Amino acid sequence: MIDLHCHTTYSDGTWSVTELLKKAEEKGIEVLSITDHDSAKAYFELEKVDRSKYYKGKLLVGAEINCVFNDTKIELLAYDFNKEKVQEWLNSMYGEENVKNSFIKEFNDMVDICKNNNIKLSNNLLYNPDKEYPIDVIYYDVIKYEENKKYIEEEVWNSKSLFFRKCTTDKDFILYRDFTKDYPKAEDVANIIHKNGGKVFLAHLFVYKMNDHKNFLNNIVDANILDGIECYHSNFTKEQTEFLLDYCKNNKLYVSGGSDCHGDKHQDRVLGALNINLDIIKDWYKKA
């Protein structure tokens, strides 16, 4: 069993690194990759402890990196890279001060977008970039006011995760925001990872809210950015997984999969619950 997509407190997970490793050991996960957002810091922590006390399986260096492709904010999963060199680059792009300033700008933009589209918000709505995500704050304030329902589909109204994806990837959504200037291009992320010996996979294609997933996939593959695709994910249907597996086979791309576990958040994303067979990554795992 493998799980190549999960998060710790180094990004937006609720478990520490050692807590996650203990859980992986209990579930019998043979290969694990911690893929914190824009960070590989978990692996530096593990250099200071006896990892075998917590987890005896194979640990594959990983990260989930925010970026933009064709004006759409997406995430790329990177694996088996030189963590020192890539973390140095991540620090320059996603350092604490950079992220804080970016979050403040994002929040202010979202407030303006709401106002421009007659979406009601609380007067003097406050935001703390050290503790909160901008769109989370906007979401919880938007749904306080029943009059906003006429602008937002019920499914989106009832889901913070879906609201986030609509704001970031659906250009037809009333509260869509362009993130092009806030994140590096996917091509640049891939160049850094490949330069430092790693592989690049597209994370959770069907989580993104766009009109034509296949066209988007064709475009990013044609750009020679990807080594593979995350074909297994907690939020995928069986048909979506089968489509991606066929796509990888026809386009000679590697396959990966993971729960996208965030600890105690997102109860639909349980570590190891997909029971993904180790064989799906045998072609590239042996080279890792």
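Strand S2 (residues 31-32) is joined to strand S3 by two bridges, and the two strands run parallel; helices (H or I, at least four residues) and strands (E, at least two) are DSSP runs, numbered from the N terminus, and two strands are taken to pair if DSSP finds at least two bridges between them. The structure is a predicted model, in which local features need pLDDT of at least 70 and side-chain atom pairs count only at pLDDT 80 or more, whereas totals for chains, interfaces and linings use all residues. Residues are numbered from 1 along each chain as its sequence is written, and side-chain values use heavy atoms, with hydrogens and water left out. Within the pair, Leu32 has Leu59 of S3 as its bridge partner. Strands S2 and S3 belong to an open sheet of three strands, ordered S1-S2-S3, with parallel pairing. Its edges are formed by strand S1 (2-3) and strand S3 (58-59), each of which pairs on one side only.

An antiparallel pairing is found between strand S4 (residues 62-69) and strand S5 (residues 72-79), which share eight bridges. In this arrangement Phe69 stands opposite Thr72 of S5, and the hairpin has two residues between the strands, with Asn70 taking a positive phi near 50°. Strand S4 is mostly covered, eight of its eight residues being buried, where buried means under 20% relative accessible area, exposed over 50%, and partly exposed in between (1.4 Å probe, protein chains only). In a regular strand the side chains alternate between the two faces of the sheet. In S4, Gly62, Glu64, Asn66 and Val68 point one way and Ala63, Ile65, Cys67 and Phe69 the other way, and all are buried.

A further parallel pairing joins strand S7 (residues 228-233) to strand S8 through five bridges, with His233 standing opposite Gly258 of S8. Strand S8 (residues 254-258) is likewise mostly covered, with four of its five residues buried.

Among the helices, H5 (residues 134-142) is mostly covered, since eight of its nine residues are buried. These buried residues are Pro134, Ile135, Asp136, Val137, Ile138, Tyr139, Asp141 and Val142, and what covers them includes helix H4 (96-116), helix H6 (154-157) and helix H7. Phe164 has its place in helix H7 (residues 160-169) and is partly exposed, with a relative accessible area of 25%. When residues up to four places away in sequence are not counted, Phe164 touches Lys73 and Ile135, contact being defined as heavy atoms within 4.5 Å. Phe164 and Ile225, by comparison, are 61 residues apart in sequence and 25 Å apart in space, C-alpha to C-alpha.

Over the whole protein chain, 11 helices and eight strands are assigned. With 288 residues, a compact globule would have a radius of gyration near 19 Å, and the value for the protein chain, 19 Å, agrees; the radius is taken over C-alpha atoms, and the globule rule is 2.2 Å times the number of residues to the power 0.38. The C-alpha trace spans about 55 × 45 × 35 Å along its principal axes. Buried residues make up 52% of the 288 residues, and among contacts between residues at least 6 apart in sequence, 72% join residues at least 24 apart.
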